[in-house]
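Please go through the following briefing with the sequence and the coordinates side by side. The notes are grouped by topic.

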Amino acid sequence: MYTIEKSKLSDLFGAISASCELYLPVKKAGQNNFTKYEAGTEYCDELKTVKSPKDMFFPQSENIVSFEKTDGKIKVTPDTIPTEKTVVFGVRACDVASFDVLDRVFLSEPADSFYKARRENCTVVATACSEPEESCFCSVFGIDPSEPKADVATWFVGEKLYWKALTEKGEELTKAVASVLTEENADGTVEAEKAKIKEIVKNLPLASLSLDGWDGDATEAKFDAPEWEKLSASCLGCGACTFVCPTCQCYDIRDYDTGHGIQRYRCWDSCMYNDFTMMAHGTPRPSQLQRFRQRFMHKLVYFPANNDGMYSCVGCGRCVNKCPISMNIAKVIKAFGGDKS
Amino acid sequence: MQKVRGLVIKRAGELLSDGTVTRVLGYKCGDFFYDVTPAFFESADQLSDLEYGSFCGANLSKYLINACKDQKEGKILVLLKPCDTYSFNQLLTEHRIDRDKIYVIGVGCKGMLDIEKLKAMGFKGITKVLDNGDELDIKTIYGDKKCKRADALLEKCVCCKGKDFKAFDEVIDVEEPGEKGADRFEGVALLENMTSEERFAFWNNELSKCIRCNACRNVCPACSCMKCVFDNPVSGAAGKVNSNSFEEKMFHIIRAFHVAGRCTDCGECSRVCPQGIPLHLLNRKFIKDIDELYGDYQAGEEVGSRAPLVNFTFDDAEPSIVHERGNE
């Protein structure tokens with residue numbers, strides 16, 4: 001176990017960013033988002049970033065190939081696979097778990113080469129949640145916010161940050177920044193912190209959500225349920241929930257006319273949008289009810305059906321906080337009777 | 001506002017029972033105190049879930065567009081706060097909703113609260129907010145706190161348009177008539193007093209947070225195009241993402257231009273933005289310019305009024321004046 005004084009965090013960030021790109025939660029214009037570190041950047045210790053860190057591996061928009069016409073010939077230039085080494089600091093346990101969900105999608109054969117490169121080049125430093133909030137329900141998905149499973153786990157306790165490498169990548173990063181860390185036997189302090197967090201999590205208002213009845217075999221029972229109509233009735237069809245969600249992974253591929261060629265890019269899509277999965281014959285989900293249902297069925301039924309029972313929700317609660325009409329997955333689960341309290 | 005809630009439930013129940021209306025568009029309680037959801041209630045017994053409290057900031061008028069179009073029988077009862085009635089009138093002016101299908105209950109309001117402001121004050125894990133007049137008792141996982149009610153108001157309520165209902169069939173209000181809010185152009189004046197470089201930096205900082213979720217557009221009662229140009233693949237302007245930092249500004253500026261003269265300043269765009277972008281400032285700049293160039297005008301004040309931008313009078317500002325101002 002290593003430690004560093006909170007007041008010396010900038011030394012740690014300086015040391016990390018000396019050899020690679022560092023991303024961490026930073027407050028800009030009042031909002032906390034993962035941002036690239038530059039000297040002087042201040043770490044924001046608020047519990048949740050607005051956007052999740054999924055941009056690290058699956059950016060909201062990325063170019064994949066360009067086409068240019070010169071002298072009657074078409075030149076095709078695939079974008080290069082990213083090679084930068086990165087570190088992302090301050091990832092919460094729920095978001096770390098979201099990477100497992102994304103890995104299932106992007107690393108299953110045939111693996112997505114852009115995602116794979118970014119994932120392999122990145123070392124994830126997680127931070128335990130010392131003050132979980134009312135909108136958190138990661139424990140419902142078996143996630144323990146006191147003990148995030150990343151390359152390095154850290155805990156903020158009192159005036160210190162406690163640092164523990166958990167993987168080979170984590171050991172390497174620890175070695176690289178060893179000069180600013182102090183070795184310390186602090187297991188007692190960290191264990192006490194973990195116990196404190198576990199106690200808070202047990203009593204969170206959404207901890208009683210129950211996933212009984214939601215699994216890969218629930219399509220028939222849930223698909224035509226009358227609940228969807230009421231739940232979706234006031235959905236605005238915006239993409240706020242999907243774009244702040246750490247596990248939403250649907251994307252669109254579009255061509256941009258540059259005037260002298262085509263830039264093909266991929267960008268996040270939202271099942272809430274009316275042109276989602278638009279095909280030559282039209283959209284298979286013409287109503288907002290169908291699109292709304294898709295989001296929750298995907299997370300709680302279709303994804304587990306195809307991924308050994310793994311849900312594609314991690315209980316981060318961002319949708320609870322950010323939906324303009326306060327409709328979210330917790331309400332959906334409750335509407336179907338999923339509350340043990 | 002608990003009193004208003006009780007009276008609304010009683011009255012809505014009567015109107016459902018006697019057949020005056022067949023459904024009620026109101027607010028439904030959530031898991032917490034702040035997560036109320038706009039909802040339709042179709043029978044008196046469903047109304048026990050109807051909420052009307054300090055977190056009912058949502059403007060329900062836009063839902064009437066679709067509700068008026070569906071084939072369901074009977075009238076829709078809608079709850080509108082004083083400020084929401086401006087949007088309602090504007091939608092009537094634009095022939096987007098059918099007055100004959102709607103029964104408006106104006107619900108008294110003493111200003112709605114902003115959960116984001118409470119969080120920004122540093123309150124974590126808020127589980128309940130008790131409204132004690134001028135003060136709020138805030139229950140959190142980490143202990144009880146207090147703050148002034150006035151400090152937690154939604155921006156639209158800080159600049160309250162007043163307690164008058166501009167449209168209603170009946171009014172349920174037990175609140176004391178309050179004062180009009182602060183000057184809504186203060187924020188605009190601050191921006192106008194900046195140098196163009198400072199102003200550009202301000203908007204760059206704010207708009208670069210945009211995630212193009214379209215919440216601002218989809219909630220906006222003035223954004224009622226059947227197909228938005230930004231969703232239309234053949235428009236050449238469609239985009240699911242900001243391809244560069246210019247584009248996110250273009251989206252918001254075009255949207256502000258498109259609603260200019262029709263925007264009632266209901267403030268929903270800023271309320272719902274997940275990144276807290278003060279979009280209302282763009283709209284208020286247009287409103288201020290229109291006021292200064294063509295005389296005071298409030299969209300939605302009355303039904304059928306001719307907005308300055310779609311009207312001609314010999315007293316109109318000369319284009320050269322408008323042009324010069326644009327070069328400021």
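This is a predicted model: local features need pLDDT of at least 70, side-chain atom pairs count only at pLDDT 80 or more; totals for chains, interfaces and linings use all residues.

Chain A and chain B bury about 3,800 Å² between them, and 47 residues from chain A and 41 residues from chain B take part in the contact. In chain B, three strands form an open antiparallel sheet, while in chain A strand S1 pairs with S9 over 4 bridges and with S10 over 2 bridges.

**Contact between chain A and chain B**

- Of the area buried between chain A and chain B, 52% lies on carbon and sulfur atoms.
- Across this interface there are 23 residue pairs in polar contact, counting pairs in which both residues have pLDDT 80 or more.
- Chain A and chain B are also joined by 4 salt bridges, and the side chains of A:Lys331 and B:Asp35 form a salt bridge with an N to O distance of 3.9 Å.

**The open sheet of chain B**

- The strands of this sheet follow the order S6-S7-S8, and their pairing is antiparallel.
- Strand S6 (126-132) and strand S8 (143-148) of chain B each have a single partner strand and stand at the edges, so one side of each is left without a neighbour in the sheet.
- From one strand to the next, the twist averages 20 degrees.
- S6 of chain B is joined by 6 bridges to strand S7 (residues 135-140) of chain B, the two running antiparallel, and within this pairing B:Asp131 stands opposite B:Leu136 in S7.

**Strand pairing in chain A**

- Strand S1 (residues 2-5) of chain A runs antiparallel to strand S9 (residues 160-165) of chain A, with 4 bridges joining them.
- S1 of chain A also pairs in the antiparallel sense with strand S10 (residues 182-183) of chain A, here over 2 bridges.
- A:Tyr2 stands opposite A:Trp163 in S9 of chain A, and A:Tyr2 likewise stands opposite A:Glu183 in S10 of chain A.
- As background, strands of a sheet pair through backbone hydrogen bonds, in either a parallel or an antiparallel sense.

Terms used: Residues are numbered from 1 along each chain as its sequence is written. Chains are lettered from A and ligands numbered from 1 in the order in which they are written. Side-chain values use heavy atoms; hydrogens and water are left out. Two strands pair if DSSP finds at least two bridges between them. Axes are lines fitted to C-alpha atoms, for helices over the stretch in contact, and angles run from 0 to 180 degrees between N-to-C directions. Contact means heavy atoms within 4.5 Å. Buried area is the accessible area (1.4 Å probe) that two parts lose on being put together, summed over both. A polar contact is a pair of N or O atoms within 3.5 Å; within protein, one must be able to donate a hydrogen and the other to accept it, and residues adjacent in sequence count only if both atoms are side-chain atoms.
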